[in-house]
Amino acid sequence: MQRITITSDSPATGPADAPPAEQWLVRVCGVVQGVGYRPFVYTLAKSLGLTGWVLNDTQGVLTEVNGPLPQLSAFTTALHDDAPLLSRVVEVRVETRTSLPACPPDGFEIRQSARTGRSDTIVAPDSHVCDDCLREVRDPADRRYRYPFTNCTHCGPRYSIVKDLPYDREQTTMAPFAMCADCRAEYEDPGDRRYHAQPNACPVCGPRLTLSGPAGPLAGSEEAMRATTEALAAGRIVAVKSVGGFHLVVDARNAQAVARLRARKKRDSKPFALMVADLAGAAAVAECGAAEAELLESPARPIVLLRRKRDCPLPEEIAPRNPSLGIMLPSAPLHHLLLDRPGLDVLVMTSGNVSGYPIAHRNEDALGQLFEVADLILHHDRDIHVRVDDSVVRCSEHPRLAEPLVTFVRRSRGYAPYPVEVDELPEPVLAYGAELKTTVALGTGSKVYVSQHIGDLKNDETFASHKQTAAHLSELYELRPRHVAVDMHPSFRSHVLAGDERPGAVVEVQHHHAHMASCMAENRMTGTTLGVVFDGAGYGRDGTIWGGEFLLGGFEETERVAHLRPIPLIGGDMAVHQPVRTGFALALTALGSPEAAQDAFPALRVLGDQERHVYTTMVRRGLNAPPVSSMGRLFDGVAALLGVCSYAEYEAQGPIELEGLLGRDLTPADHPYRFGAEAPAGAGLPTVVDPDPVIRRMAADLAAGADPATVSRRFHSAVVAMVVERCEDLRARHGVSQVALSGGVFLNEFLLVNCLVELRHAGFDARSHRLVPTNDGGIALGQAMVAGARIRATAHGSA
């Protein structure tokens with residue numbers, strides 16, 4: 001949102017007696033550093049005949065301009081409307097002076113950056129290589145021909161290399177590279193597109209490639225590039241250092257190479273991401289609509305989940321049992337050079353890590369770890385200061401939605417650390433996020449800066465990255481918040497860290513309340529709201545595990561007004577990895593005996609007699625089978641009952657493959673199943689949603705010969721119908737018609753789109769996530785907002 005504010009140092013005068021010239025001091029806030037904004041201002045002022053100066057400071061861009069009023073007005077309008085591609089102008093503030101100084105400046109100049117207090121500008125995300133730079137890379141007559149680190153003020157790395165603000169070269173990982181005379185001349189010329197392009201470099205003075213094998217370096221620079229493409233064409237696995245970390249790369253058309261990568265990475269089923277050279281390459285393997293094409297070609301260059309073509313020529317092993325392919329376009333000159341070799345037009349580009357570890361981003365880590373998977377490693381000497389994974393998005397369309405719905409699966413490179421604009425926070429807050437898919441958020445004023453995807457805090461290396469990211473955000477914006485928001489689960493590592501480092505200033509936020517608050521915040525929702533929050537697991541206020549929740553309230557507090565009936569989680573967390581346990585518990589509860597469960601659902605025959613006996617005892621006696629009201633576990637169990645996924649290799653494999661049976665066809669079933677509902681047992685108690693009728697109908701359909709895809713569609717449609725029914729009941733009881741949908745289960749496209757469509761058709765103002773992930777990657781934003789609301793309430797209460 002852009003705001004233009006004009007103030008004056010004297011009473012305003014009417015148009016008739018306005019002075020012929022004025023002096024304006026103009027402040028521009030937003031993403032305006034490292035994106036060519038000062039050269040843009042310089043050129044704009046010169047074209048309008050204005051005099052003055054422009055500089056960067058810790059608040060953004062500041063410019064003083066002198067000239068006639070019409071030109072000044074045109075100048076301020078263009079500051080937003082004609083801004084450089086990578087900029088995001090949030091606010092333009094104008095302080096007018098009614099007359100020129102006695103000696104107005106002659107001409108217009110760009111001044112050196114100034115430190116004027118705490119940093120409040122927005123760091124630009126990393127961006128793809130622009131067309132001008134790409135033309136130079138492909139021009140044999142250009143001095144940057146085939147140079148993989150070519151960039152300018154309109155493109156290239158930003159967030160991944162910045163250490164501090166203002167954004168100047170000495171504050172980035174480019175500081176060790178002294179510019180040659182030619183690069184220095186470009187850097188100092190306001191008319192050149194590389195004016196103050198901090199990563200500016202060329203083959204003479206800039207970073208260089210090295211190709212290494214297990215025994216050490218093999219080749220450098222252009223020879224390293226040539227040897228890499230030869231290796232890929234020969235079916236070898238190469239780890240490649242990209243903008244925010246390493247990728248593991250193979251020729252996607254080579255089924256043996258793909259299989260070898262899966263075996264070495266110990267990743268049998270989870271889909272691999274692909275890189276193609278252009279939209280034509282994407283269209284050759286997947287369906288690509290206009291909105292999806294726009295996302296693919298955007299400066300962020302995310303991975304976009306596209307529908308796989310029926311006649312897709314790629315091996316099924318790229319994305320087993322999945323109707324989608326994750327496809328991205330090149331985001332750096334290096335990627336274009338990898339794809340320049342004839343016949344090497346589709347590459348697998350998966351995260352460069354060994355199982356259980358975060359993506360490698362330092363050379364020493366890659367060289368020490370990745371030879372477990374890769375045959376060769378292509379690295380370079382431009383350090384990555386901030387590890388940044390690829391972003392993943394999906395674009396959904398429906399005739400009853402006004403516009404395409406863009407959903408983040410992972411928000412990282414190209415988007416982080418863009419802030420989310422929110423209502424004013426009373427004090428700065430640092431939010432530590434969740435335990436899985438975590439991010440960190442720093443909230444101050446009307447902005448919450450949400451970090452890149454960090455990952456799962458189960459291992460020490462990812463936990464260290466979590467702490468570093470929190471420290472980096474605080475250092476960039478020179479804030480030391482007294483308040484830290486955490487998930488209320490007492491065993492989460494982030495919770496323990498906050499308690500150790502900031503005693504007395506920790507705000508505990510219930511997991512699903514944070515989900516709901518996150519959706520409310522990005523949609524600028526206020527007032528009493530109904531939160532429908534479905535996920536795998538979150539620590540509830542009663543000490544049990546929640547995950548199928550209907551919450552009523554706002555940012556400060558909520559109450560639980562309905563939930564899924566708890567499901568016995570046989571063996572605790574083991575059931576997450578073995579969904580067949582949850583499937584057995586569902587069938588046992590709904591049908592009454594282990595024999596009836598196995599007869600109704602043949603997929604349960606993977607369990608031996610002894611296992612079924614033990615699991616039955618555990619469920620009936622409540623032994624190591626904690627009750628969880630989790631929609632994610634319900635999806636797990638249904639997938640297992642249909643034989644889709646009995647044992648999961650990766651998180652949510654069962655639900656993903658269960659949805660995959662629908663082929664991204666969002667048409668609801670004609671005869672969906674129906675959940676039961678138990679009315680509240682007393683005042684203030686929640687309604688309980690009963691899945692038993694659904695399980696019994698599934699059994700009947702399978703007995704009648706229904707195929708798993710039909711059963712899956714009826715199950716998905718049942719969940720949609722249940723959401724609408726419960727919301728209508730809660731509206732009748734509480735008078736609320738504002739609904740926020742959140743939680744990882746809403747990554748399910750069928751569920752999300754149909755819930756939005758049907759709720760809106762029923763008269764609800766239903767919203768979902770579009771700026772941060774609906775999964776735990778959005779938790780930190782919600783935590784910051786809940787903490788802010790409670791801080792405000794406490795301040796008002798003590799006033």
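# Briefing on loops, strands and salt bridges

Pro417 lies in the loop between strand β18 (residues 405-410) and strand β19, and the peptide bond that leads from Ala416 to Pro417 is cis, with omega near 0°. The structure described here is a predicted model, in which the protein averages a pLDDT of 92 and 95% of the residues score at least 70. Over residues 10-16, however, the pLDDT is below 50, and beyond near neighbours in sequence this stretch has three contacts in the model. Where pLDDT is low, the predicted coordinates should not be read in detail.

**Backbone geometry in the loops**

- Most residues other than glycine have a negative phi, and most peptide bonds are trans.
- Arg146, which is not a glycine, has a positive phi of about 60°; Arg146 is found in the loop between helix α3 (residues 131-137) and helix α4, and it counts as partly exposed because its relative accessibility is 23%.
- Asn624 likewise has a positive phi, near 50°, in a residue other than glycine; Asn624 sits in the loop between helix α17 (residues 609-621) and strand β29 (residues 627-630), and with a relative accessibility of 53% Asn624 counts as exposed.

**Strand β11 and its two partners**

- Strands of a sheet pair through backbone hydrogen bonds, either parallel or antiparallel.
- Strand β11 (residues 273-276) is covered on both faces, with Ala273 and Met275 buried on one side and Leu274 and Val276 buried on the other.
- In a regular strand the side chains alternate between the two faces of the sheet.
- Strand β11 runs parallel to strand β14 (residues 324-328), to which three bridges join it, and here Ala273 stands opposite Gly326 in β14.
- With strand β15 (residues 346-351), β11 pairs in the antiparallel sense, also over three bridges, and in this pairing Leu274 stands opposite Val348 in β15.

**The six-stranded open sheet and Val509**

- Six strands form an open sheet with mixed pairing, in the order β19-β22-β21-β20-β23-β24.
- The edge strands are β19 (residues 419-421) and β24 (residues 506-509), each of which pairs on one side only, and from one strand to the next the twist averages 25°.
- Strand β23 (residues 483-487) and strand β24 run parallel and are joined by four bridges, with Glu508 in β24 as the bridge partner of Val486.
- Val509 is found in strand β24; because its relative accessibility is 0%, and buried means under 20%, Val509 counts as buried.
- Leaving aside neighbours within four places in sequence, Val509 is in contact with Ala485, Val486, Asp487, Met488, Ala514, Gln783, Val786 and Arg790.
- Leu295 and Val509 are 214 residues apart along the chain, and their C-alpha atoms are separated by 34 Å.

**Helix α4**

- Within helix α4 (residues 181-188), Cys183, Glu186 and Tyr187 are buried, and because these residues cover an arc of only 100° around the axis, they are on the same side of α4.
- The side chains of Arg184 and Glu188 meet in a salt bridge, at 3.6 Å from N to O; being four residues apart in α4, Arg184 and Glu188 are separated by about one helical turn.
- Arg184 is partly exposed, with a relative accessible area of 34%.

**Salt bridges across the chain**

- How many salt bridges does a search of the whole structure find? The search finds 42 salt bridges.
- Glu136, Arg143, Arg144, Glu186, Arg193 and Arg194 are linked in a network of salt bridges.
- Arg560 and Asp542 meet through their side chains in a salt bridge, at 3.8 Å from N to O; this pair links distant parts of the chain, 18 residues apart, since Arg560 is in strand β27 (residues 558-564) and Asp542 is in the loop between β25 (residues 529-539) and β26 (residues 545-553).
- Arg560, at 15% relative accessibility, counts as buried, whereas Asp542, at 49%, counts as partly exposed.
- Asp692 forms a salt bridge with Arg565, their closest N and O atoms being 3.0 Å apart; Asp692 lies in helix α20 (residues 692-703) and Arg565 in the loop between β27 and β28 (residues 567-568), so the pair ties together parts that are 127 residues apart in sequence.
- Are Asp692 and Arg565 buried or exposed? Asp692 is buried, and Arg565 is buried as well.

Terms used. Residues numbered from 1 in each chain as written. Predicted model: local features only at pLDDT ≥ 70, side-chain atom pairs only at ≥ 80, totals over all residues. Heavy atoms only, no water. pLDDT = per-residue confidence, 0-100. Contact = heavy atoms within 4.5 Å. Buried < 20%, exposed > 50% of the residue type's maximum accessible area, 1.4 Å probe, protein only. Helix = DSSP H or I, 4+ residues; strand = E, 2+ residues; numbered from the N terminus. Pairing = 2+ DSSP bridges. Axes fitted to C-alpha atoms, helices over the stretch in contact; angles between N-to-C directions. Arc of directions from axis to C-beta. Salt bridge = Lys/Arg side-chain N within 4 Å of Asp/Glu carboxyl O.
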